[in-house]
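Here is a short tour for someone who likes to look at coordinates. We begin with one residue and then step back to the whole chain.

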Amino acid sequence: MSDAVDVPIDDDVIRLGQFLKLANLIDSGSEAKTVIAAGLVRVNEEVELRRGRQLHVGDIVAIAGHKARVAAA
């Protein structure tokens, strides 16, 4: 698995579905719903099934061998 890429966010928190799009890990919101429901997304090494999960700076999201870390802007 690759090292995590830092993806800066403007606020203190971001929802998982939004972060997946921002980090270019998926193409659309509907794709986010599908991959999260299928259990393909991990947050801090744990499977996450909630698209609205609040992510904070330092959280690491993994999908399909790619990792992205929530970073401060």
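Asp59 sits in the loop that links strand E5 (54-56) to strand E6 (60-63). This is a predicted model, so please read every value below as computed from it.

The side chain of Asp59 does reach a backbone atom, the nitrogen of His56, at 2.8 Å.

Leaving aside residues up to four places away in sequence, Asp59 touches Asn44, Gln54, Ala68, Arg69 and Val70.

Now for the chain as a whole. The protein has two helices and seven strands, and their order along the sequence is β-β-α-α-β-β-β-β-β. Some overall values are gathered here:

| Property of the protein | Value |
|---|---|
| C-alpha span along the principal axes | about 30 × 25 × 20 Å |
| Accessible surface | about 4500 Å² |
| Share of that surface from carbon and sulfur atoms | 47% |
| Share of the 73 residues that count as buried | 32% |

How does the radius of gyration fit a compact globule? For 73 residues such a globule would have a value near 11 Å, and the protein agrees because its own is 11 Å. As for contacts between residues at least 6 apart in sequence, 50% join residues at least 24 apart.

Definitions and conventions: Residues are numbered from 1 along each chain as its sequence is written. This is a predicted model: local features need pLDDT of at least 70, side-chain atom pairs count only at pLDDT 80 or more; totals for chains, interfaces and linings use all residues. Side-chain values use heavy atoms; hydrogens and water are left out. Helices (H or I, at least four residues) and strands (E, at least two) are DSSP runs, numbered from the N terminus. A polar contact is a pair of N or O atoms within 3.5 Å; within protein, one must be able to donate a hydrogen and the other to accept it, and residues adjacent in sequence count only if both atoms are side-chain atoms. Contact means heavy atoms within 4.5 Å. The radius of gyration is taken over C-alpha atoms; the globule rule is 2.2 Å times the number of residues to the power 0.38. Buried means under 20% relative accessible area, exposed over 50%, partly exposed in between (1.4 Å probe, protein chains only). Accessible areas come from the Shrake-Rupley method with a 1.4 Å probe; for residues, only the protein chains shown count as cover.
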